[in-house]
Amino acid sequence: MNSGLNFIYGHLPYWLFIILMLSGLFIVVSRGNLIKKIVGLNIFQTSVFMFYISIGKMKGGTAPILLDKSANNSAVIYSNPLPHVLILTAIVVGIATTALGLALIIKIREEYETVEEDDIQKLDQNDLEKYNKKNVMETNS
Amino acid sequence: MASEIKQGALELVNHLPILQVITPMLIAPILVVFNNKTLSWLLSFVGALACLFISILLIQAVSDGSILTYYLGGWAPPIGIEYRIDAANAILLLLISIISAIVLIFSYSSLHAEIPEEKHTLFYSCFLLCLTGLLGVVATADIFNVFVFLEISSLSTYVLVAQGAYLDRRALSASFNYLIMGTIGATFFVIGIGYIYMATGSLNMMDIAERASQLGDNRTIQAGFAFIVVGMGLKLAMVPLHVWLPNAYTFAPTVVTCFLAATATKVALYVLIRFVFSVFNYEDSFVNELFFLLLMPLAVIAMIAASVIAIFKQNLKKLLAYSSLAQIGYMLLGLSLMSQKGLASSLVHMVNHGFTKAALFMSLGAFMLNTKNVYIKSLRGLGKSMPFTSAAFLIGGLSLIGVPGTAGFISKWLLLEAALETGYWLVAILIIVSSLFAVIYIWKIVEVLYFSESSESYDEVSVLTLMPVWILALFCIFLGINTSLTVDVANMATEILFK
């Protein structure tokens, strides 16, 4: 029992990462509102950012800055900066994706006057039926 | 003086791997600055030709089995980013460059039918960024760099697909769905990279392979591999993860569909191949079981199910999109056989199918210039009024089926051989069954083109439109007769990958 608690507590950042990731993914899959989908996608991506940041962190580590050349710096514990830098790039990509997604939503709203996925599908279905009817009439005449 | 020039020329050769990627990237913003439709096209075309020239030089340099490496900023790996060109990616660089140049010729005469002229500059700019991303994914040997380039190409692809909205508003929702799915895929890929970095502390492919082999059976690396397979599965439209593809291909402008169908999914598949062979250990039982138990059944389902669905589609772009799913099944199958022959067939099919599908989509685009839509009934009797376009479509169709003398035959034959060599009789039979389905849906179109009367008559499209269509159709025949470019290079590539 105690070891089980330790297992959970010792991997706390990972549990948070998993919970955030799954809730983000769930929102993307389950919501029909396009804006909510984008929000879910953002939560999903943020969980990955947190995961990257946590793997670079050392217990008691400082920022990786060379303070004093004369002092014995090899003893200083510092966090690994590389995952943090990587995730800066991923954040930029995430922002670009969100911006593009929102721009598409604006366009969709202009064309369909709704941002609900079900309504959009219904409208598309109507278009298709209209098209088919027109063709049937053409072939009959 | 002469020696100096030679020195300079030699240096340029050393920089080819990076020039391949940054040439289109540098041209893209210049287009926006000038904001002139014709100039944009001209500059994009010159850029694509430069890429083509570079990729020909690269494939000549690596066709003897050597490997070109380039250190970005002079930083040696594993600290710096490394570009690494061998036979496996040189052939894909060549495919992407050729297709982009041909597609640009086609877009000069056809783009105005689908996109308003004031948007052309931005369209070409996006197209070049997409090209940059695809070339970058293929050229790099740094796994995080793969992600960055993948997202450069994906983001510009979403924009390009959405451009179809000027003709059909469904392009917007298609693009949005693609964005959601593509981003989930890319994020899974990043999680996979994170796991690998956690376990090995490196991002360079060769370095990871070395460090991972010392770790032995490691659960973190296996989880990372699983994430990467799912992420790339989304990007390459592996069957249960394919739902974005049919709509995206159907509603995108024809130029974009042509380019994507020929390159984008192949690049994602290449990433998967590269990870299996250069990053992970392909002999590892985990990798083998994953491919045997998961990817092979999925590939076979894709081959059969997507072909059956394609038979019933009335919209020809959608029909070809489903047939693309089936063809991706062939490529995945070749990979999941985990043999040298299987991988070679997969690589050859990537190139051959690239040309075949581009030829088919492009001739549809040429029909569309006249008929304004691509429903099967609007093509009635076009075999008579548009003989050249119809003939090109026929050649593409034959190559898709795999008739001897066309490109499709070579790769399907190799795949059959590979399946029989590994002893999967059932799989070999299913490959033939799937080809028979292809006969049905191609015949359906050919019948409408050649054997039905039309009420309307159209003029043949202009020579400038016909030229790129026929270049692709001739490639379909050429690659079916002369296999030295595809099969020999693919064999060389598999030897390097299986080393």
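Predicted model: local features only at pLDDT ≥ 70, side-chain atom pairs only at ≥ 80, totals over all residues.
**Notes on helix packing, the core and the chain contact**

1. Helix α9 (residues 219-236) of chain B packs with α11(B) at an angle of about 160°, and their axes are 8 Å apart. Because angles over 145 degrees count as roughly antiparallel, α9(B) is roughly antiparallel to α11(B). The crossing of α9(B) past α11(B) is left-handed.

2. Now look at the residues where these helices meet. From α9(B) come B:I228, B:V229, B:M232, B:K235 and B:L236, and they meet B:T265, B:A268, B:L269, B:V271, B:L272 and B:F275 of α11(B). Sorted by class, this contact of α9(B) with α11(B) holds nine nonpolar residues, one polar and one charged.

3. Next, the core. The largest nonpolar core has 219 residues, and those touching the most other members are B:I91, B:V161, B:L272, B:A358, B:A359 and B:L472. Helix α11 (residues 254-279) of chain B gives the most to this core, namely 19 residues.

4. Apart from neighbours within four places in sequence, B:L472 is in contact with B:I102, B:F355, B:A358, B:A359 and B:M362.

5. Finally, where do the chains touch? Their contact takes 26 residues from chain A and 24 residues from chain B. On the chain A side, α3 (34-56), α4 (81-112) and α5 (117-140) each supply at least two residues. Helix α4(A) gives the most to that side, with 14 residues. By class, the chain A side divides into 18 nonpolar, four polar and four charged residues.

Notes:
Residues numbered from 1 in each chain as written. Chains lettered and ligands numbered in written order. Core = buried A, V, L, I, M, F, W, Y, C linked by C-beta atoms within 7 Å. Buried ≥ 20, exposed ≤ 12 C-beta atoms within 10 Å, placed from the backbone. Helix = DSSP H or I, 4+ residues; strand = E, 2+ residues; numbered from the N terminus. Contact = placed C-beta atoms within 7 Å. Axes fitted to C-alpha atoms, helices over the stretch in contact; angles between N-to-C directions. Parallel < 35°, antiparallel > 145°, perpendicular 65-115°, else oblique. Left-handed = near helix turned anticlockwise from the far one by under 90°. Nonpolar A, V, L, I, M, F, W, Y, C, P; charged D, E, K, R; others polar.
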